[in-house]
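Welcome, and thanks for taking a look at this one with us. Below is a short tour of how the chains meet and how the ligands sit.

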Amino acid sequence: MFEDPLLLARVQFALTAATHYMFVAFTLGMAPYVLFGQLRALLRVDSTGMRAVRFWGGLYLVNYAMGILSGLVMELQLTLNWSGLHDMFGYAFGAPLAIETMAAFFVESTFLGLWIFGWDRMGRWAHWSCFLVVTLTAYLSAYWVMVSNGLLKWPAGFSVRDGAAVLDDPAALMANPSATLAFAHICVSALLMGGAVVMAVSAYHLRRRRDPDGLFARALRTGTVLVLVGLVPTVVTGGTQFVMYGQEPPTSGQSYTPAEIEGIESAYGDTSTAHLIGISGDLLMMLSWAVMALLGLVTALVWMAGGLGRWRWHLRVAAVMPLFPYAASVGGWVFRETERQPWTVRHHLTTADALTEMSPLAAGASFTLFTAAFAVLGITTAWLLVRFARLGPDAGPLRAPEADGDERRDPVTPL
Amino acid sequence: MDLLPVLLLTVLIVGYFVLAGCDIGLGMAAPRLARTPAERRRLVSAIAPYFLGTEVWLVAAIGVVAGLFPALKGVLFGGGGMWAVFTVLAFGWIMRDAGLWARARVDTDRWRSACDAALVGGSWTLAVCWGLAVGGLLSGGRPLTPFALACAAAVVALFLLRGAAFGAERLVPAGPSASAAGADEAARLTRLLARTALGAGLLAAVLAAVPFTGADLGRPWFALAAAAAVLAAVGATSGVSGPHLSRHTSALALGAVPVLVGTALVLPLDPAPPGTLVLVGAAVVPLLPLMVVGQVALYRMLRRPAPDHGFFVTPPPVPAGR
Ligand code: HDD
Ligand code: HEM
Ligand code: HEM
């Protein structure tokens, strides 16, 4: 495997992307939960509510760090390893990513810094508004990334001139069905994930009867609602994407003739490893959904029977909920990305042509360096998340300063 | 219209060097400036969350290169040497950030030393790679020529100078009782570092005129003018004045470095096609006010001396019995 730069670069991208997405989906799923939690606590001037926000917000931040680190590598990897993509599609594929970095991520990260630092230093509403900006720009980020990614699958909005894509219809690029449908699917599936995590963490503490101020009993109910509400839209937004299957993308034929396309695709065949991996991803996603639907139904019944938060067998079941949205999300991405093979940009650019020319040594070194770093960082972050989820609100990274009984700090504006 | 994207890219890269120079440089100088646990806490809280607002300038610049100047990539990453420099740079970046994010999450000395090592090592890797990148670009894509190495030394010294100037301001403790040793040491260092940068810069300037040492400049006169600006800025602090002036001159000097590279080389800066410009403009311009407000608010809030507690500094108290 170490002789083939193409395979190495593909596996490297897949591993980084899957790691990135696991943390990203949690970011997207948790942000609205923290946002509305903080809003509610503000409106009711409710100190338990604010304790909850500090707890979930702490988990959010630990997770966000890994989202950033892996995102940086994604960006650099696209630039360093997949230069063919930029040479031909820089102006079309790179433009939405440029917007993402400038408009969305730039704002998101700055305002997150303000939110972290501003707990005791800003007006309450100004502080909340910072997180409002963080949430909106996180979703804006996701949208622009999906516009880039959708272009690979459903190339639209440009024409090929002298071997390079020239964007001549920005509206078609932005309304690309492969971007908008996938974005909708990602939003609702991320909410599912957020809901499942909230359920599981709450169930863990309730099972140990650690809930002095009712924080986790309430969170368990909210998490359940999120999961129940998210289930059907996930199928609808996902299922609609099958409509595009078997259709030719609008720009097909501009780079290769139909006969050439036919040749490239049949040389690749239907039984390649990538294809088989993709089908397993699809199955994993659907099965996970089925399990979640079942568990969601059971939870709804338990709730109606008055056992939510009290029946210990059910709390045990709720604690494993997050496994399924995580499995489904990685499965969904693997399906989407492998299904495109042998193309990086369908009917325009093959994966082999998209790769930067590099020596096997360089490809191997880059692979080893980043895979090792990612394994360490991903595992550490996951471990920290589980640890802080278990430690509970008194030991969270964002716990209120009074909780430490520490008199070194600045005067605190009461929240 | 053609000029706007070029201006945007310049502002983003110069902004990154000027702002991130502070946190990278302070990270490099950490072993010297923070010796006690309390001093290390204060140093970390001077860097974080400052770094959150500074590295986005580079992320945005990468985005602009990818979306508006795809042809630039050939120059930036051309040849295996430059590819390696940027790959290692990315690695150092990740390490440094990971150290900062993780440091306060676990309350043991071993954990903190590991994170401090990542912070210091990552900061040095970043600065050295930026140095080699600058030198390499000015040597026609060969980062290891004598000229490139002299440039790298100058850039590394400038990062350190910027960090020391930042530290002299931000490491001052809030209360009267605590020690200000770190800030005083940083202030003292600025003079030495300014002289080192001046020396390395002059060496690079001399090598640029000597044949076969690597310099490969498309527009030597522009290079000379920009280099003169860098050297004048560091020269202004090297002997005469204390740390206060170096806060501004180090910004000038470090900010002039990317300008030097941009003007000395003949870069492929063809304007993007109109469709792309319209899309990027329409999406980015409405958010410009938010970008400015966020950045200004963040730096205003961080202007005071760094506190030694908070998300990035205070480790969790572990509740009894768990
Ligand atoms: C649907 C969501 C989604 C997907 C598929 C991706 N991202 Fe992402 N990305 C986000 C949603 C997101 C986010 C929610 O906006 C993050 C996660 C945590 C964060 O800070 O923002 C983020 C962070 C993030 C960062 C952080 C930069 C920084 O800290 O300086 C970069 C550079 C990227 N992403 C780039 C990419 C690239 C190049 C991708 C694909 C090739 C990609 N992301 C896929
Ligand atoms: C939204 C942003 C994304 C973009 C722009 C993107 C783009 C790419 C590119 C350029 C490649 C390499 C060339 C190719 O194989 O076609 C690739 C491969 C791959 N990506 Fe993505 N990707 C994105 C997100 C993801 C995510 C979140 C996952 C999560 C698992 C993922 C999984 C994969 C896999 C499995 C491959 C390897 C496919 C193969 O080579 O067989 N991608 N992607
Ligand atoms: C039975 C229910 C589901 C159906 C019918 C479905 C359908 C799909 C389809 C058709 C795709 C697009 C593949 C492509 O474009 O090549 C997809 C992708 C994806 N799915 Fe699902 N899905 C379901 C459940 C889920 C669940 C429960 C999750 C996660 C919680 C999930 C997460 C994803 C993700 C992250 C992607 C990749 C991005 C995208 O294309 O939207 N899916 N799904």
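## Ligand 3

Ligand 3 is surrounded by 23 residues, and the closest are A:K153, A:H185, A:Y245, A:M285 and A:R336. A residue counts as near a molecule or strand if one of its heavy atoms lies within 4 Å of it.

## How to read the values

Please keep in mind that this is a predicted model, in which local features need pLDDT of at least 70 and side-chain atom pairs count only at pLDDT 80 or more, while totals for chains, interfaces and linings use all residues. Residues are numbered from 1 along each chain as its sequence is written, chains are lettered from A and ligands numbered from 1 in the order in which they are written, and side-chain values use heavy atoms, with hydrogens and water left out.

## Ligand 2 and its iron

Ligand 2 has 22 residues around it, and A:R10, A:W333, A:E337, A:R340 and A:T344 come nearest. The iron atom of ligand 2 has a single donor from the protein, A:E337 (OE), at 2.4 Å. Donors here are N, O and S atoms within 2.8 Å of the metal (3.2 Å for Na, K and Ca); water is not among the atoms, so sites may look incomplete. A:E337 sits in helix 11 of chain A, and one of its polar side-chain atoms lies 2.7 Å from a nitrogen atom of ligand 2. On the oxygen side, a polar side-chain atom of A:R340 is 2.9 Å from an oxygen atom of ligand 2, and one of A:T344 is 3.0 Å from an oxygen atom of the ligand.

Two or more residues of this shell come from each of helix 1 (5-44), helix 3 (83-118), helix 4 (124-153), helix 11 (323-338) and strand 3 (343-345) of chain A. Helices (H or I, at least four residues) and strands (E, at least two) are DSSP runs, numbered from the N terminus. Helix 1 of chain A gives the largest share of the shell around ligand 2, with 6 residues. By class, the shell around ligand 2 holds 14 nonpolar, 5 polar and 3 charged residues. Ala, Val, Leu, Ile, Met, Phe, Trp, Tyr, Cys and Pro count as nonpolar, Asp, Glu, Lys and Arg as charged, and the others, Gly among them, as polar.

## Ligand 1, shared between chains

Ligand 1 is surrounded by residues from chains A and B, so its site is shared between chains. There are 23 residues around ligand 1, with A:H20, A:Y64, A:I68, A:F105 and B:V59 the closest. For the iron atom of ligand 1, the single protein donor is A:H20 (NE2), 2.4 Å away; A:H20 is found in helix 1 of chain A. A polar side-chain atom of A:H20 also lies 3.1 Å from a nitrogen atom of ligand 1. A:Y64 places a polar side-chain atom 3.1 Å from an oxygen atom of ligand 1, and a side-chain N or O atom of A:S141 is 3.4 Å from an oxygen atom of the ligand.

Helix 2 of chain A supplies the largest share of the shell around ligand 1, 8 residues. The classes in the shell around ligand 1 are 16 nonpolar, 5 polar and 2 charged residues.

## Where chain B meets chain A

At the interface, 65 residues of chain B are in contact (heavy atoms within 4.5 Å) with 70 residues of chain A. About 6,300 Å² is buried between chain B and chain A, with carbon and sulfur atoms giving 79% of the area. Buried area is the accessible area (1.4 Å probe) that two parts lose on being put together, summed over both. The rule finds 5 residue pairs in polar contact across this interface, both at pLDDT 80 or more. Helix 4 of chain B gives the most to the side of chain B that touches chain A, with 12 residues. That side has 47 nonpolar, 9 polar and 9 charged residues.

## Salt bridges

How many salt bridges are there between chain B and chain A? The count is 0, whereas over all chains it comes to 16. A salt bridge is a side-chain nitrogen of Lys or Arg within 4 Å of a carboxyl oxygen of Asp or Glu. One of these joins the side chains of B:D116 and B:R103 (2.6 Å, N to O).

Definitions and conventions: A polar contact is a pair of N or O atoms within 3.5 Å; within protein, one must be able to donate a hydrogen and the other to accept it, and residues adjacent in sequence count only if both atoms are side-chain atoms.
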